[in-house]
Amino acid sequence: MATEREINDIISTLSLDEIKELTDINVIQKQLRLLNEEETILDQELDSIISRKDDYEKKLSTIEGLKMKINFLNNSSVNLLHVIDKTVKVSDNISCKVRSIDLEQSRVLKTISLVDNMQEIKNYANGVEMAMRGKDYETAAGYIKKYLSLDPEILKKIYKSEENNDLSNGNKEEVPTKILEGARRRLVEIFNTEFDAAARSGNEEIISKYFKLYPCVGHKELGLDKYASYICDQLVKQCQDKMRITENISEIFFAELLIRLYEITSTLIDKQERIINYYYGDGYTLRIIQRLQNEVERQGILILNAFLDKREIERKINDIKTSDSGSSWKGNSNTDNIVVNPRELDIILSEMVLISQRTFLYNNFVNYRAMLESQKLSKNETDKTLITALGGCEENGLVKDSKLNKKVDEIQKYYIKLEEYYISKNIQKALKIDEYDTHRETSCSVEDVFYIVQKSTDRIISISNTDVISTLLKIIGRILNKEYIQYFFRNIQGIFNSSDHKDLSVVMILLNNVDVSCVYINKLADELNKKIKNIFSITNEESEENKTILIAINSLKDNSTAFRQVLNKWILNCFNEKIKGRIKPLLNESFKDIKYILNDDEYAEQDSNNLFVKRLINGINKLITPFKNTFTESNYNYILLLLIDYLNKEIERYIINNYKFNQLGALKLDQDLRSIISYFSSISNMSIRDKFSNLTQISNLLNLEKLSDIYDIWNSNKANNISHLSSNEAKKVLLLRNDFVEEEISQLKI
């Protein structure tokens, strides 16, 4: 049987008109069946509704009963709405009256407050007049301070009220505000007069008294300017006193005078801060700093101009330039061409460094203190204008383009030129008076030169200017290269080029000079690196400023590396000249009457005589002893390595070309090689054994009991990543054994 949903679906597919038009009997019967089913469902629903008739009637009766109650509630609600509406209107009327009363009350209170303030002002005016008549200026200033502390809006109303009273009543009596303003003006005049008199007499008690009163009468800037003018005068006076005391005593008089200027200024700033903060407010010390800084600029420039004039700096620079363009002192070993006395210059350079260093420290101090004060002032929009009031920058209130700093920069440029001249001339002098003592590894000039360089670099890094330091370190590197190291190389070249170049001891001392100089340069660079990082607190090496100075230090090390490369070439020349040509004759002599195909008796005899080792060691001793006695450890080790390397190749060549071995002979060769290695280890502090690796491997191959044992040696070398002979070289060595078969050797898989 079709469900209700199915019937609905079918019926919904055909309208009544469509049903009427049906002609197919099957479709008509289907539609009839569906309609009958629908009718049945509808009858069932109607029966269900009729069965619940009583329930519906009960609900309808209940609803009918609620109708009366709802009508009653509706009538009550309408009545309540009328009552609420009346209450709202009454409340609005009451609120309006309350607001009116509040407004009137506030006006009354303001009027009372205004009257009270007017009475207070009148009392202040009376108090000021009495204090002024009694010359009690501190009390009078106190009344003015209270008057000025009143709300400006209230004061405007009082002024207006007093003007209206004057116009309406024609009152000729002076009003209180005019009395107070007049007293304020008179007090400022009195303070100025008394302060100036006290400043002239140096009465600090009176100065302090009136300095503290200026804020009371609303003239903070005037008080600060007057006080700043006074302490600036004191600053100048103290500097002048210092000048009179030390002018003819100290060699660095101008530096000490400038330092004194900075110290006095710093002390004055520290000393005044607490007083100013208490009486004037936080941040007002900036005004004093600005005024003092202006005076420091003036006095500092006067001192530096006097320094340049008295020390004749420009004349010295011009003389050096003239000498440079004429008979150049750069790279010129003629120390008689001295245009500036290096001893006098040493003092001047130290004075220049002190000037630069202390200016750097003072600038850091004053800029930091000014910045702190500016930050305090910037919190208040009114006070913020004081930061730039005297033409300073917004950051710290100080002038950015300092004339004093420009003058110091000028002195630093002079310093670079004079320091370069000082280093160059002293190095030239040290080289000119150099002495060669065969009992010493180096000549005297090495210690002298690096004493000069160390002294200058210590002075240079104290200047606290990274650009100057970088420039001078590069200059030192150039001087050491062109005027110092190259001097030794030219002398060595001259000895080698001469017809009689037998003076080996001088050559070795010169080579030692270069070796020790390379060590000193590296040590100097390392020390500079540490000192610079400490001085400038370098934490970020990537910053451009730090990069520049660290690159300059590293360039010194680069010079050292380049010097050592040239040094090694000259040691190689010494080896070729004095040793290499004697190795082959020595080997021929050492191997004379030596054989390695031995029977037991011959082995015993050769083992007891040990002629080969004795001859070779005696010959090597004669060749190497002069170098061992004179060379530095580094130079000696290098020439010894050259000797060992060449000796290895020659012994290998000699053995392969001249000898055959049996097992006893191979054993004797192994003993000889061990003796040679032991000898070289005894005359050197280096690890020597690995230098004889090829000969050791040849000995191992020759000492095989049977050919198949080679695989153990070969695989062990590979496993330990040890450099070994090639396959062909190994087979060639094995062919030296007279008891090994050539065919078997050729078949080895190595």
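Trainee: What should I know before reading any values here?

Mentor: Residues are numbered from 1 along each chain as its sequence is written, and side-chain values use heavy atoms, with hydrogens and water left out. As the model is predicted, local features need pLDDT of at least 70 and side-chain atom pairs count only at pLDDT 80 or more, while totals for chains, interfaces and linings use all residues.

Trainee: How many helices and strands does the protein have?

Mentor: Helices are DSSP runs of H or I with at least four residues, strands are runs of E with at least two, and both are numbered from the N terminus. Here you get 27 helices and 0 strands.

Trainee: What share of the residues is buried?

Mentor: Buried means under 20% relative accessible area, exposed is over 50%, and partly exposed is in between (1.4 Å probe, protein chains only). Of the 750 residues in the protein, 42% are buried. The accessible surface (Shrake-Rupley, 1.4 Å probe) is about 41,900 Å², with 50% of that belonging to carbon and sulfur atoms.

Trainee: And what do the contacts say about sequence separation?

Mentor: A contact means heavy atoms within 4.5 Å. Among contacts with a separation of 6 or more, 77% are between residues 24 or more positions apart. E263 sits in helix α10 (residues 253-279) and counts as partly exposed because its relative accessibility is 40%.

Trainee: How do I read a helix pair, say α17 and α18?

Mentor: Angles under 35 degrees count as roughly parallel, over 145 as roughly antiparallel, 65 to 115 as roughly perpendicular and the rest as oblique. Helix α17 (residues 466-497) and α18 cross at roughly 170°, and their axes come within 10 Å. So α17 is roughly antiparallel to α18. By class, their contact has 19 nonpolar, 4 polar and no charged residues; Ala, Val, Leu, Ile, Met, Phe, Trp, Tyr, Cys and Pro are nonpolar, Asp, Glu, Lys and Arg charged, and the others, Gly among them, polar. The α17 side includes F488, F489 and F496, and the α18 side includes L510, L511 and F536.

Trainee: At what angle do α16 and α18 pack?

Mentor: Helix α16 (residues 444-461) packs on helix α18 (residues 504-536) at about 15°, with the axes 11 Å apart. Therefore α16 is roughly parallel to α18. This contact has 11 nonpolar, 5 polar and 4 charged residues. Including E447 and D458 from α16, the contact also involves E527 and K531 from α18.

Trainee: Where does T442 lie, and is T442 buried or exposed?

Mentor: T442 is in the loop between α15 (403-432) and α16, and counts as buried because its relative accessible area is 9%. Leaving out residues up to four places away in sequence, T442 touches I509, N512, N513 and V516.

Trainee: Which residues should I look at for phi?

Mentor: Most residues other than glycine have a negative phi. E312 has a positive phi of about 50°, and N610 has a positive phi near 50°. E312 is in the loop between α11 (285-310) and α12 (313-325), and its 38% relative accessibility is why E312 counts as partly exposed. N610 is in the loop between α20 (600-609) and α21 (611-630).

Note on methods
Axes are lines fitted to C-alpha atoms, for helices over the stretch in contact, and angles run from 0 to 180 degrees between N-to-C directions.
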